[in-house]
Amino acid sequence: MTRARLILITAIWAICVSGAQTQSAPLPLHANARQQAAGDQSSSRSAGGLDVRLPLLQNSVRFAVIGDSGTGDRDQYEVARQMEAYRQAVKFDFVIMLGDNIYGSHSARDFAKKFEEPYKPLLDAGVKFYASLGNHDDPNDERLYKPFNMGGQRYYAFRKGPVAFFALDSNYMDPQQLDWLNQNLKDSKGTWKICFFHHPLYNDGRHHGPDVDLRTQLLPLFQQYDVNAVFSGHEHVYQRMKPEKGIYYFVLGNSGKLMTHDFRKSADREKGFDTDRTFMIVEIAGDKLHFQVISRTGETVDSGELPKAVPTPTSGERR
Amino acid sequence: MQIRISNCLWKNLLVVSAFTGIFCSGVLAQSSNDQPTVKDFQDRIAKYIASRKQENVAHDSSASPAKVTDQQKQAAQKIRHSRVGAKQGDIFTPRIAAYFKKQLEATLKGPNGAKVRTSLQHAEPLPNVPLSVNQKYPPNLPLQSTPPTLLLNLPRLPSELQYRLVGQTLVLYDTGADLIVDLLPDAIPGDVNKK
């Protein structure tokens with residue numbers, strides 16, 4: 001064997017080994033000194049080496065949030081692995097999807113690569129996914145795709161304990177959907193009302209910005225029927241906006257896609273993160289919503305406890 | 001003390017509150033002259049839906065995306081065959097087209113016009129997309145969201161159909177069959193989509 005051939009074989013072997021390591025290397029997870037059982041009320045705990053900041057109270061409603069996830073790229077898989085690690089610690093049993101669930105083509109292979117495979121451990125554990133539609137989704141395929149639990153509809157509602165969820169189709173907010181939302185919010189017996197949809201009503205991202213016409217139509221309903229929190233995607237960053245008239249607004253559109261350094265200066269944003277992908281875990285217990293936003297690498301980028309706000313009218317309107 | 005409000009004052013209050021409601025929601029009042037045009041449009045839509053129902057299009061949920069896609073292809077094929085010879089303007093006749101353009105223009109110039117324009121600009125407008133009547137909507141393209149105030153000022157559609165903006169074109173779209181039923185080019189002015 002010549003020397004050149006030996007060098008070539010060694011180089012190929014080195015590339016293969018490093019590639020395999022890239023695929024299988026465990027993700028860095030933040031350790032925490034304390035490990036406590038579920039039911040405790042500490043503000044930060046370690047469960048399986050994770051930095052869990054939810055109180056994990058008995059009979060609470062726990063769920064995860066992802067947005068703009070369906071790329072099928074490595075980053076989506078890494079976020080999904082963090083989600084599974086946190087699921088084991090937090091025991092959330094459903095996930096809400098904020099749209100752009102499947103980017104690009106929508107073949108059976110795409111559904112596998114961009115949804116079924118990354119979230120397989122969650123699906124195998126019985127976690128249910130509730131999808132809303134984004135501008136890159138195919139409403140015809142996705143609303144009929146059983147694992148998205150849309151019941152064949154573009155928009156729908158479901159209850160988890162005292163929390164009522166309303167999944168909306170912000171691509172096409174027609175009068176029928178507005179009528180449906182009006183009636184369902186009015187009839188809802190949920191003590192918490194959460195709406196989720198793709199296009200954000202408030203958004204400090206430079207790429208898309210807020211959907212102001214959608215806001216004009218939805219905000220009066222949200223205020224009239226005391227909606228507590230709104231989750232949207234579309235802008236490929238994480239943002240927690242200042243509460244507006246008693247409603248909390250989150251934008252999480254970076255569970256697969258990412259738009260780095262996307263923020264404009266704004267006093268309306270309480271927290272923003274635009275340098276990596278994230279997902280969120282939420283726990284609702286009594287009159288408090290606890291949340292934690294975790295990056296692809298396991299870093300907690302935002303967390304907190306939000307009281308169920310009593311809606312108070314404010315003057316003026318944001319941009 | 002009993003407060004008496006005259007009939008005249010009540011009427012004035014009603015007019016003011018109705019006007020305020022219209023102003024806030026951005027819904028424009030419809031002229032009675034337009035009613036025959038709207039009726040003509042609704043009749044054409046009803047005829048399309050009736051013929052579509054005859055084709056017995058299935059839409060069942062499934063865990064198999066391949067099955068869902070196949071179901072949709074079959075639906076589109078059935079409807080396409082039943083509409084052989086369909087052409088642009090079958091539903092958006094010149095008179096209906098003129099009515100739609102008038103409504104869209106009035107909405108863009110109306111009380112919520114600036115917000116509608118901003119939403120249109122943020123909706124990722126799709127220029128130069130090839131569209132044909134009785135053909136599938138071009139696959140793998142992002143959807144351009146349609147501002148709700150625009151939809152409030154157009155005749156309501158049954159759940160099987162949607163209005164969809166593609167660049168400046170208003171598309172009448174069969175959602176279940178993924179099929180373009182009719183087209184209205186230059187429905188909105190070109191400068192509206194520019195940021």
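User: When do two strands pair, and what is the strand order of the open three-stranded sheet in chain B?

Analyst: Two strands pair if DSSP finds at least two bridges between them. In this predicted model, chain B holds an open sheet of three strands with antiparallel pairing. The order is β1-β2-β3.

User: Which are the edge strands of this sheet in chain B?

Analyst: An edge strand here pairs on one side only. In chain B that applies to β1 (161–166) and β3 (179–184).

User: By how many degrees are neighbouring strands of the sheet turned against each other on average?

Analyst: The sheet of chain B has antiparallel pairing. The angle ignores strand direction.

User: How many bridges join β1(B) to β2(B), and which residue is the bridge partner of B:Leu165?

Analyst: β1(B) and β2 (residues 169–174) of chain B run antiparallel, joined by six bridges. B:Leu165 has its bridge partner in β2(B). That partner is B:Leu170.

User: Are helices α2(B) and α4(B) roughly parallel or roughly perpendicular?

Analyst: The axes of α2 (residues 35–54) and α4 (residues 94–109) of chain B come within 10 Å and cross at roughly 115 degrees. Angles of 65 to 115 degrees count as roughly perpendicular. So α2(B) and α4(B) are roughly perpendicular.

User: Is the crossing of α2(B) and α4(B) left-handed or right-handed, and which residues make the contact?

Analyst: The crossing is left-handed. From α2(B) come B:Thr37, B:Asp40 and B:Phe41. The contact residues of the two helices divide into three nonpolar, one polar and two charged. On the α4(B) side they are B:Arg95, B:Ile96 and B:Tyr99.

User: How many residues of chain B are in contact with chain A, and how do they divide into nonpolar, polar and charged?

Analyst: In chain B, 33 residues are in contact with 32 residues of chain A. Helices α3 (65–82), α5 (113–122) and α6 (148–152) of chain B each supply at least two residues of that side. The division on the chain B side is eleven nonpolar, 18 polar and four charged.

User: What separates the C-alpha atoms of A:Glu299 and A:Asn135?

Analyst: Along the chain, A:Glu299 and A:Asn135 are 164 residues apart.

Methods:
Residues are numbered from 1 along each chain as its sequence is written. Chains are lettered from A and ligands numbered from 1 in the order in which they are written. This is a predicted model: local features need pLDDT of at least 70, side-chain atom pairs count only at pLDDT 80 or more; totals for chains, interfaces and linings use all residues. Two residues are in contact if their C-beta atoms, placed from the backbone, lie within 7 Å. Helices (H or I, at least four residues) and strands (E, at least two) are DSSP runs, numbered from the N terminus. Ala, Val, Leu, Ile, Met, Phe, Trp, Tyr, Cys and Pro count as nonpolar, Asp, Glu, Lys and Arg as charged, and the others, Gly among them, as polar. Axes are lines fitted to C-alpha atoms, for helices over the stretch in contact, and angles run from 0 to 180 degrees between N-to-C directions. Angles under 35 degrees count as roughly parallel, over 145 as roughly antiparallel, 65 to 115 as roughly perpendicular and the rest as oblique. A crossing is left-handed if the near helix is turned anticlockwise from the far one by less than a right angle, and right-handed if clockwise.
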